Amino acid sequence: MTAPVYNFAYLDEQTKRMIRRAILKAIAIPGYQVPFASREMPMPYGWGTGGVQVTASILGPDDILKVIDQGSDDTTNAVSIRKFFSRTAGVRTTTSTQEATVIQTRHRIPETPLTEQQVLVYQVPIPEPLRFLEPRETETRRMHALSEYGLMHVKLYEDIARHGHIATTYAYPVKVAERYVMDPSPIPKFDNPKLSDCPALQLFGAGREKRIYAIPPYTRVASLDFEDHPFEPYRHEAQCELCGAADSYLDEVITDDAGNRMFVCSDTDYCETRRAAGEGGRKAAAAMERAP
Amino acid sequence: MNSACENPLLKVEGLTKWYGRRLGCRDVGFDLYEGEVMAVVGESGSGKTTLLQLLSGQMEPSGGCVLYRLRGGSEADVWRMSEPMRRFLFRTDWGYVHQDAQLGLRMGISAGGNVGERLMAVGWRNYGAIRQSAVDWLARVEIDRDRIDDPPRTYSGGMRQRLQIARNLVTAPRLIFMDEPTGGLDVSVQARLLDLLRRLVADLNLAAILVTHDLAVARLLSNRIMVMKAGEVVETGLTDQVLDDPREPYSQLLVSSILPA
Amino acid sequence: MQPLELSGVAKTFTMHLQGGLRLPVLRDLGFSAAAGECVALTGPSGAGKSSVLKLIFGNYRCDEGSIMVRDGDTAVDVARASPRQILSLRRRKLGYVTQFLRAVPRVGALDVVADALIDAPRAAARERAATMLARFNVPERLWGLPPATFSGGEQQRINLARGFAPETPVLLLDEPTASLDAANRDAVVELVRERKEQGTAIVAIVHDDLVREAIADTSIDVTRFAAAA
């Protein structure tokens, strides 16, 4: 049996054009959710179909693609999607943030600052930030159209009333270009400041919900808050044990049955790059000490 | 009193609504001034709820107009203005108390959040101030302050209604629409709620339009009354006039049908 | 122009539920009340005395004629006034002691009286209410209680306090001394005298001959204006 022949990046050209039109609209109206005709993809809903369709539509043969999932290049999903594009588009893939021209990500923004030559594609589960408070689509569309965002602050109010502080730690709602309130996808609150004034183009795709939205380069993005409870970027109390970074988002890894744990950079490429450059964390220092 | 109060707050002319070939209400007209409470009474199918929906900007009329005097003094046609404007008025200048409190509240949000929502919608961004305002209003509607973080799901029917009232009044509206606000509540709870409404209307000099089928509620809360039947206005006047000296056959029927306690 | 002038007033009730039965009550009724004058309405029960007061107050709507209440330099015709005008007159010009107290549930006696002083600030209204209740010998322990459970006489005294509290130029009294003991009857007479001295025009229905003689300057027999059935 012969191997199947795919159109470049799987989708047919007409579909890619439709999606590019949606992307243009999204860039023209920062933060506004543009509906699009989401296609059936060879992975089920909930596995990144939105991000994959956006990436497929913008990829060119000279692009270099990086795919990360929770910051890591080597989880199942990241590997799987990377292979998908490798097969259907034949583009070069990489784990290096600096090298990549298109980065598809699930739930994290890379630590390495991005450039004007790059596009960051986010996978989005639920694009509507107001959904959990207002289940009616007709109502939320009106609210966006009329800029009626009081309800968004109600959610934050509830957090403070219940927990004493705004307890939202991921998918923290933001206001884009002082107009639309947007869900930045389930990235940790830690990453929110990176959304603003970013030199790269940021695209968001939700396959199941059939929406695309965008933040054009160098756009102001503000995280919602109260005057007396301002948004505070999350600060870890630890450093990465492998590379010693004190400014990256850390994952907690349980190391044995006794409950021992260690904190390591969530962004694997960032961590490796630092280690290659000779930076060391506790573990690295201990290993070096033991080395002959 | 300044001259602005000499003009009606609400002017209704020839208001009509057809549902296809079925009449909702026809040719309703009246003026309402600040501090006046008008009851619209009638039995089921009289058109009173339709009328309330038309007046409060929630349903578009087939004919006639509703003119509202804005805070600046100018008169605006409720159905000629833009939808954002109408929605804004609905959230600030007007209040709407539903018969079923669940329709007028967010059941999953705390009481404080419910009361504070309108404030946040008009741009309040200080948590402390919002919370304090909520505390004050809960006290005014006689809800214990330590219930402020509980969702109305945990409230009794009477408490939910009082919370709904607080939620509506927090932006100091000038006109309140009430749809059977005491319907379905226990008698003692009703009495307490009516008392609260009476005092709030008087203290805040609110204008109100109250739909009810209960003439006793109309007598207690309103100073003007409009009797409706099958979509038409049968009789209108001061509440005590129409209830003590009803002229039209239908009004006489309604008044004589009340069972004495 | 007198504070109160009635002219050509006619009232007929039409009972639609009794097949349109017509009950004429009054025909071509006319009289006036001068400042400081008390006009007593007399006649047997059912003659329409209470109806006259209700017509003046705007509670009943009259079929013909005019009811002029002086308002500053002009007069308002209650028979033709808009609801807004009547409400305004009731607040500022027309006081009314009704025959029965309509008790609002849950409101204490003091507040029932204070509520009648619509335009006054709350504290001042409550003070005046307290003064009036004291004049009618209502014990302080009752001031916070809703009058619905009071005796007839106690309710009547709350009613009187409420009617007398606002100092309007026209005052209507419907059986003010019913259910009262001698001491309180005297209190009523005293208050009426004071109001007359202040220039209030009073229209009263009083069954008690002695009290009527003590307060009335003019008597009008309402049966003179009875309408033929």
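In chain C, 4 strands make up an open sheet whose order is 2-1-4-5 and whose pairing is antiparallel; strands here are DSSP runs of E with at least two residues, helices are runs of H or I with at least four residues, both numbered from the N terminus, and two strands pair if DSSP finds at least two bridges between them. This is a predicted model, in which local features need pLDDT of at least 70 and side-chain atom pairs count only at pLDDT 80 or more, whereas totals for chains, interfaces and linings use all residues. Residues are numbered from 1 along each chain as its sequence is written, with chains lettered from A and ligands numbered from 1 in the order in which they are written.

Strand 2 and strand 5 of chain C each have a single partner strand and stand at the edges, so one side of each is left without a neighbour in the sheet. Strand 1 of chain C is joined to strand 2 of chain C by 9 bridges, the two running antiparallel, and C:Phe13 stands opposite C:Leu23 in strand 2 of chain C.

Helix 1 of chain C lies across strand 1, strand 2 and strand 4 of chain C, at about 110° to strand 1 of chain C; axes are lines fitted to C-alpha atoms, for helices over the stretch in contact, and angles run from 0 to 180 degrees between N-to-C directions.

| Element of chain C | Residues |
|---|---|
| Strand 1 | residues 4-15 |
| Strand 2 | residues 21-33 |
| Strand 4 | residues 64-71 |
| Strand 5 | residues 74-77 |

Elsewhere, 17 residues of chain B are in contact (C-beta atoms, placed from the backbone, within 7 Å) with 14 residues of chain C. The largest share of the side of chain B that touches chain C, 4 residues, comes from helix 10 of chain B.

Definitions and conventions:
Two residues are in contact if their C-beta atoms, placed from the backbone, lie within 7 Å.
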